[in-house]
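User: Can you walk me through this model? I'd like to go through the overall layout and then the details.

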Amino acid sequence: MTTVYIPTALRVYTERKSTIDISAKTVEELINRFVENYPQVKRHLFAEDGSLRNYVNIFVNDQDIRTLRGRATEIADRDEVSIVPSVAGGVDPLPSLTQDEIRRYSRHLILPEVGVDGQRRLKAASVLLVGAGGLGSPVAIYLAAAGVGRLGIVDFDRVEESNLHRQIIHKSSRVGASKLASAAETLAEINPFTHVERYEVAFRSDNALEIAKDYDLVIDGTDNFPTRYLVNDVSVLLKKPNVYGSIFRFEGQASLFWAEQGPCYRCLYPEPPPPGLVPSCAEGGVLGVLPGIIGVIQATEAVKWILGIGESLLGRLLLVDALAMRFRQVALKKDPRCPLCGERPTIRSLSDYEAFCGMPAREDSGASTDDVTAPELAELLKMEQIDLIDVREPNEWDIGRIPTARLIPLGQLMERLNEIHGDRPIIAYCRSGGRSATALAMLRKAGFSSARHLQGGILKWSELVDPSVPRY
Ligand SMILES: [Zn+2]
């Protein structure tokens, strides 16, 4: 008989047994018998094509079977076989827990599905979180609280007052401070045992692989399409799981993408929507609690994946409607024609995601020759007739506007081009300059080659020209 050591995470399927005796001549025969006796274990050990999942390592005595003859490795009586599901690089021994950690995580430790092994696995795990905003706040807080050992966070924004209704990792006293510094301060209070690595840069094609390569999994806390596709492509190229979440107004989505075993984000959405069709949270608004719901789901999926327990959202898209308070799910399949993870992939490296999505990754108020500054616009409006086009949404228009402007929301601009005659200089504006830059590109394409837009949007107008216009 050979003794098989069962990891904590699989004991739920083995009637809580930690060891099982099986007689077999090879590892292959042994695992087949094991799976026959405990069929629920099968999908945890094997991928759909029958290969051993690559986060499962098998040891005969102290030898990894990959260094022996794989599944054909012969075993003798009284050999010991260990099944070691891993997220921490396999053969590395898991770190032990200190007394302080044992006290802190005691409610985890008494869960059979977590236990000391699981908590050590969390301690050994590393998670990269892209974005310390609405989704990133609850994700970071819960992952740190749960004892994830290394948490990398990418963000280069500063805390704004309008972030605080949902980005609960930040505080009123930190408005104007860097989001990373603010997040690190909160996380240090919550769990000093979590090591936070800060990447105060834009997540871009030229740094994303280098940043992500040393992490076990990636969490998508982005708020724009270029970065979302970048997060997906980096994860697929590095063969890492990508815990996806997105929010808009009252609705959210979540899933776990992992091209090694299921679909990726491009299998679901091969191409981004055209610019202007789907507004960002800054443009369309979001219910403050919604990123809490979705972010906590993402954190849950990450913890489950690290522990190797439960049923993940792999192959399922969870749809949350907070107004109706309905949770639905749809099945997701890997698309064999996916340009990234399909049978004949055409994408093998990272590209220019802003060009691919036809929009900047963030609203950019930087100057260029297409710009008019707020004081310049004020002068122009005194001197001549300007076709001043506000491309924001009607509810933003209601908050405040520039006199003599007319409203054409960006999403309607293409079909309302016939309302623009070009007999006067055209200047577009939005909240901070992102949407008007997109509008400008559309107008120029339609032949209005001298169209310009307001640098920094109505926010700059309020700051420099007319403080009675509210900033939001
Ligand atoms: Zn795919």
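Analyst: Start with a definition: domain bounds here come from an automatic or database domain assignment. This is a predicted model, in which local features need pLDDT of at least 70 and side-chain atom pairs count only at pLDDT 80 or more, while totals for chains, interfaces and linings use all residues. Residues are numbered from 1 along each chain as its sequence is written.

User: OK, which domains is the chain divided into?

Analyst: The assignment gives domain 1 (2-85), domain 2 (125-357) and domain 3 (371-464). The C-alpha centres of domain 2 and domain 3 lie 32 Å apart. Along its principal axes, the C-alpha trace of the chain spans about 95 × 50 × 40 Å.

User: And how many helices and strands?

Analyst: The chain has 19 helices and 18 strands. Both are DSSP runs numbered from the N terminus: helices are H or I over at least four residues, strands are E over at least two.

User: What does the pLDDT look like?

Analyst: pLDDT is the predictor's confidence in each residue, from 0 to 100. The chain averages 90, and 94% of the residues score at least 70.

User: Where does it stay under 50?

Analyst: Over residues 363-367, for which the model has 13 contacts beyond four places in sequence. A contact means that the C-beta atoms of two residues, placed from the backbone, lie within 7 Å. Where pLDDT is low, the predicted coordinates should not be read in detail.

User: New topic. What is the strand order in the open sheet of 8 strands?

Analyst: The order is β8-β7-β6-β9-β10-β11-β12-β13, with mixed pairing. Two strands pair if DSSP finds at least two bridges between them. The edges are β8 (195-199) and β13 (326-331); each has a single partner strand, so one side of each is left without a neighbour in the sheet. From one strand to the next, the twist averages 15 degrees.

User: How do β6 and β9 pair, parallel or antiparallel?

Analyst: Parallel: β6 (residues 126-130) and β9 (residues 217-220) share 4 bridges. Leucine 128 has valine 218 in β9 as its bridge partner.

User: And at the other end, how do β12 and β13 pair?

Analyst: They are antiparallel, over 6 bridges. The two strands form a hairpin with 4 residues between them, and methionine 325 in the turn has a positive phi of about 50 degrees. Among the bridge partners, leucine 317 goes with valine 330, and valine 320 with phenylalanine 327. On the β11 side, 4 bridges join β11 to β12, also running antiparallel; there glutamate 251 has aspartate 321 in β12 as its partner.

User: What about leucine 314, where is that?

Analyst: In the loop between α13 and β12. Leucine 314 is partly exposed, with 17 other C-beta atoms within 10 Å. Leaving out residues up to four places away in sequence, leucine 314 touches Leu256, Trp258, Gln261 and Gly262.

User: Last one: is α18 mostly covered or mostly open?

Analyst: Mostly covered, with 9 of its 12 residues buried, including Arg435, Thr438 and Met442. The 12 residues of α18 (residues 434-445) should span 16 Å at 1.5 Å a residue, and the end C-alpha atoms are 17 Å apart, which agrees. That expected span is 1.5 Å times one less than the number of residues. Just after α18, glycine 447 takes a positive phi of about 105 degrees.

Methods
Axes fitted to C-alpha atoms, helices over the stretch in contact; angles between N-to-C directions. Buried ≥ 20, exposed ≤ 12 C-beta atoms within 10 Å, placed from the backbone.
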